[in-house]
Amino acid sequence: MNNTENLKIEAEEGFPIQVKYIHPDLKIGMEEFETNVQSGGRRTVHVVDQFVWARVIEGGISFQVNTQIVHVEEGETLFINARQPHSYKGAFRTPAKFRILVAAPDAVDVPFLNRKLQAMINDSAFASTVIRPASPLFSYDMDIILDLIRHKPEEYEFEVVAKYCAILRQYCRIHHHTNPDETVRRDTDLESLREMLAFIGEHHQEEITVDEIAAAGKMSRSKCSRLFRKYLSKSPIEHVQQYRLEKSVYLLKNTTLQFSEIAAICGFNQQSYFNRLFVREYGMTPKQMRKTGTDSKKQNPHHSEE
């Protein structure tokens, strides 16, 4: 599994937003975002090693977690367990404002606590949960973390860790109530899918075949295709293309690289083929997409860049 310093979440069609850790050695980060984009279009499903919390302040947003579409209303908080395939689907109430908290499972690296977290991470039946706004208990600490990160008072990192541990404790308790005996509930298909998605993420710049993807998941070519259809509603190669296209959108909007360079970096051997797929997917050329990215940065002060 590929560990990264930043977690990318798409808040617009094909447009990744960066949630940065507050320090390379303290892998916790939080940002607030706004979007007017309605649900629609295809989004690439991602598997990341981090825990993800999405708290809706205004409006409503949707995620896909495994095969389930989860709607999160104003005042609610969605928790997505680490290593669960998921994607951001968009706002179903506009405008929508939401806060994303991410943290690596080893952000607070204590062996005793790590063992407790592993029981939750390894439970395939505990993919996500939505906390309804019955109590401010699950939102207050997130508000404090965001305020600390924004204002950075002296030695604020200690308080961030304290609040994060308080949040994590609540979700460990929720997991314990759903699985008090900590029974190992494994989904081997889901575990294989994670490995195949990770393989694509690590090798998307290279030529990738369905046989290679299937081998990463230790399964046959036909079963590989069935799993992708079940969880992602597309073929393995369609997912590879979508993954590459979304990488290209980020580079178009956040770098000054030439279009030919971006095509090569994203695994497209021919720029003409890249252009053709891009127009088919987004209804505009890479040049037009770059211009929309420039315009959106001027208008959207909540955008967080690398």
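## The cap on helix 4

Asp-187 caps the N-terminal end of helix 4. One of its side-chain oxygens sits 3.1 Å from the backbone nitrogen of Asp-189. Such a polar contact is a pair of N or O atoms within 3.5 Å; within protein, one must be able to donate a hydrogen and the other to accept it, and residues adjacent in sequence count only if both atoms are side-chain atoms.

This is a predicted model, where local features need pLDDT of at least 70, side-chain atom pairs count only at pLDDT 80 or more, and totals for chains, interfaces and linings use all residues. Residues are numbered from 1 along each chain as its sequence is written, and side-chain values use heavy atoms, with hydrogens and water left out.

## Helix 4 and its packing

Helix 4 covers residues 188–203, 16 residues in total. Helices (H or I, at least four residues) and strands (E, at least two) are DSSP runs, numbered from the N terminus. From first C-alpha to last, helix 4 reaches 23 Å, close to the expected 22 Å. The expected span is 1.5 Å times one less than the number of residues.

Helix 4 has buried residues (under 20% relative accessible area; exposed is over 50%, partly exposed in between; 1.4 Å probe, protein chains only). Among them are Leu-190, Glu-191, Arg-194 and Phe-199. The buried residues of helix 4 pack against helix 5 (210–216), helix 6 (221–232) and helix 7.

## A buried loop glutamine

Gln-84 is in the loop between strand 6 (77–80) and strand 7 (86–103). Gln-84 counts as buried because its relative accessible area is 0%. Its side chain makes a polar contact of 3.2 Å with the side chain of Asn-66.

Which residues does Gln-84 contact, leaving aside neighbours within four places in sequence? Contact means heavy atoms within 4.5 Å. The partners include His-46, Val-47, Asp-123 and Ser-124. Leu-190 and Arg-194 are also in contact with Gln-84, and both are buried residues of helix 4.

## Positive phi in two loops

Lys-218 lies in the loop between helix 5 and helix 6. Its phi is near 55 degrees, a positive value in a residue other than glycine. Lys-218 is exposed, at 77% relative accessibility.

Ser-233 lies in the loop between helix 6 and helix 7. Ser-233 is not a glycine, yet has a positive phi of about 60 degrees. At 59% relative accessibility, Ser-233 counts as exposed.

## Gln-242 in helix 7

Helix 7 spans residues 236–254 and holds Gln-242. Gln-242 is buried, at 0% relative accessibility. Gln-242 and Phe-278 are 36 residues apart in sequence. In space, their C-alpha atoms are 9.4 Å apart.
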